[in-house]
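Student: I am new to this structure and would like a close look at one part, its loops. Could you walk me through a few residues there?

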Amino acid sequence: MKFQIEDVTVYFPYDHIYPEQYSYMIELKRALDAKGHCLLEMPTGTGKTIALLSLITSYTLSKPSNPVKLLYCTRTVHEMEKTLAELKLLHRYQVESVGPSARMLALGLSSRKNLCVNLEVVSAENRDSVDAGCRKLTASWVRALAVENGNVPTCEFFERYEKAGADAVLPPGVYTLQDLRVFGKEKGWCPYFLARHMVQFANVVVYSYQYLLDPKVAGIISKEMQRESVVVFDEAHNIDNVCIEALSVSVRRQTLEGATRNLNKMSQEIDRFKATDAGRLRAEYNRLVDGLAQRGNLPLGDTWLANPALPDDILKEAVPGNIRRAEHFLSVLRRLVQYLKGRLETENVEKEGPVTFVNSVNSHVGIDQKMLKFCYDRLHSLMLTLEITDTDEFLHIQTICDFATLVGTYTRGFSIIIEPYDERMPHIPDPVLQLSCHDASLAIKPVFDRFQSVVITSGTLSPIDLYPRLLNFNPVVSRSFTMSLTRDCICPMVLSRGSDQLPVSTKFDLRSDPGVERNYGRLLLEMVSVVPDGIVCFFVSYSYMDAIVNSWNETGILKEIMQRKLVFIETQDVVETTLALDNYRKACDCGRGAVFFSVARGKVAEGIDFDRHYGRLVIMFGVPFQYTLSRILLARLEYLRETFQIKEGDFLTFDALRQAAQCVGRVIRSKADYGMMIFADKRYTRHDKRSKLPSWILSHLRDAHLNLSTDMAVHIAREFLRKMAQPYDKTGGGGKKTLLSQEDLEKMNGTEGMMF
């Protein structure tokens, strides 16, 4: 269908549209017109992705004089593939409706591990090894050697891609990662470098958050992107945590030992070069005298991660004189590693700011702030000069230089925290030095400054007014949408006590109470006998899940549950969890029914959908607060209070409830779906906690469902499931339509036109 939103003709590839999708597009268009940023919360399962893609691509078609480039950021490769599949459908419809002028180029960009077609390289077990394997075959000096000596291995795909030169282009179309690999194999070109090259010409690019938020990666991949781009962060409820992780570094004893090995190896290489090719070291020295600005002209195979700090003025300065010579630089790094080793030998927890730390480094080992600031770039330059290709072996020294550069660049928003052991295992010495970033706005600020519109969207952005403060920006549109439903297919309940009227909670003083564990077990036991197919349970942590499952096993509750449904458990091992999920789905498909135990903040809570019969009920055991004794969390809370006036309690509650909403939201993935949500903790009855849940959940939470015991919850579940079994009208009757056709939209536009 196609319809008008003001001066834009929107091409939408389905025959019907939800009213909230239409409202979402109107708000999104307002933000694009204003060339500003926006925050939009839209319930899960209401077609957020297709609404975004339709509006932004149609906006470009309607205004060909100033086309808008779309950078769509997802969290996982699975989400990237889903987005590109939707875009394929949309693109086909637009070309049918408009003709060849609607053609565009859209592609996904991922790491070498997901795009490489060279079987020898891609068979390595992890991403760093694949990257290093690729560099061993494609670095400029390796290829130069191969010209002289035919026995030196190179990558045939990269060689053919280089030979094709300007002819190596992707024809218009939408390419998933699989399509890129197939195209690369057909042509004999390297899909990874082809995608990297085509990103600057594409109309739509779908890639990971890291490519924009992690300055080390963004410096290479995203520096070409033009200002007239719209950036979309999808599923962005955790965006502040992603920003913080991008600028945080932790250093352990193993890191320092590895760094010492790296330095010894580099020292040997320098001696070898001095004997055979001293001119290279001299040329590098001269280049550093002139400054680092020329390094943008490196051959494609040699590009390395860019500087982890963001200020551009670094590029305009020359490298300090005392680290220009390679051997002097290595001696500086040795002193730094030695200093860090000494700091790790403490028996007390220490916490200090970057300024104090830099002064301490300067007074103890004579390394000043400017030398620290240039460590990462200087290491990069040296590794190129020494022609090092096995970069995966040099990760330790890269971590140390990453740490040094961040400490030398930022004076606020960071803390250095040294812990001699993990508090949960105090008898095992495991010292760690962490540079932890507290200010999420540092990593995302360049994105807000550089691009004309940034859209932050997710199913759980409540309370929506906290995000602008955490990320330090002013949205032109900030809106939360509710779900229009033909029937009440969501049934949230708050369970505050067991059948014996004892309160249930995962509060620290109550969580190991046998009465609470028994009541939680009884709740699940009652529910498995009432609810068909799949039930998903979320616990607040792995340790609590272990404790409660052990307790249920000893009291025989687990055995009774397993007579009715099979039980599967998420573990910290990805392979085991994937297998458990597959078998859980099989058990639901064959009618045996199953229960899946999972953990809030885990992999399953973030990315796996339990739609249809895979999730008819989700139980959230407790409120998933962060570990509040964590030193890093305490330092961040202190920073938020002092800088943004956000109270500790407010932030912790906001963080816990967005995780809880994320967990229970996995159960509804479309409007034809139905499911129940039980918040099993007496703290959810308090208004200040409950009110931070998204509006689309709160609008279905009745007062009668607020303070339930187990037997009342079972009764409500029976009634709800009986009601859901009745046939219903999908388009919605009774004056309130939940599916709009093209005529409905035209009528709506007509009445709006008459009103004005």
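**A look at some loop residues**

Tutor: Let us begin with Asn 118, which sits in the loop between helix 4 (112–115) and helix 5 (119–122). Helices (H or I, at least four residues) and strands (E, at least two) are DSSP runs, numbered from the N terminus. This is a predicted model, in which local features need pLDDT of at least 70, side-chain atom pairs count only at pLDDT 80 or more, and totals for chains, interfaces and linings use all residues. Residues are numbered from 1 along each chain as its sequence is written, and side-chain values use heavy atoms, with hydrogens and water left out.

Asn 118 has a relative accessible area of 10%, so it is buried; buried means under 20% relative accessible area, exposed over 50%, and partly exposed in between (1.4 Å probe, protein chains only). Setting aside neighbours within four places in sequence, Asn 118 is in contact (heavy atoms within 4.5 Å) with Leu 137, Cys 155 and Phe 157.

Next comes Glu 235, in the loop between strand 8 (229–233) and helix 13 (239–246). Glu 235 is not a glycine, yet its phi is positive, near 50°. Its relative accessibility is 11%, so Glu 235 counts as buried.

Arg 601 also has a positive phi, about 75°, without being a glycine. You will find Arg 601 in the loop between strand 18 (594–599) and helix 28 (603–607). With 31% relative accessibility, Arg 601 counts as partly exposed.

Finally, look at Pro 463, in the loop between strand 13 (453–458) and helix 23 (466–471). The peptide bond joining Ser 462 and Pro 463 is cis, with omega about -10°.
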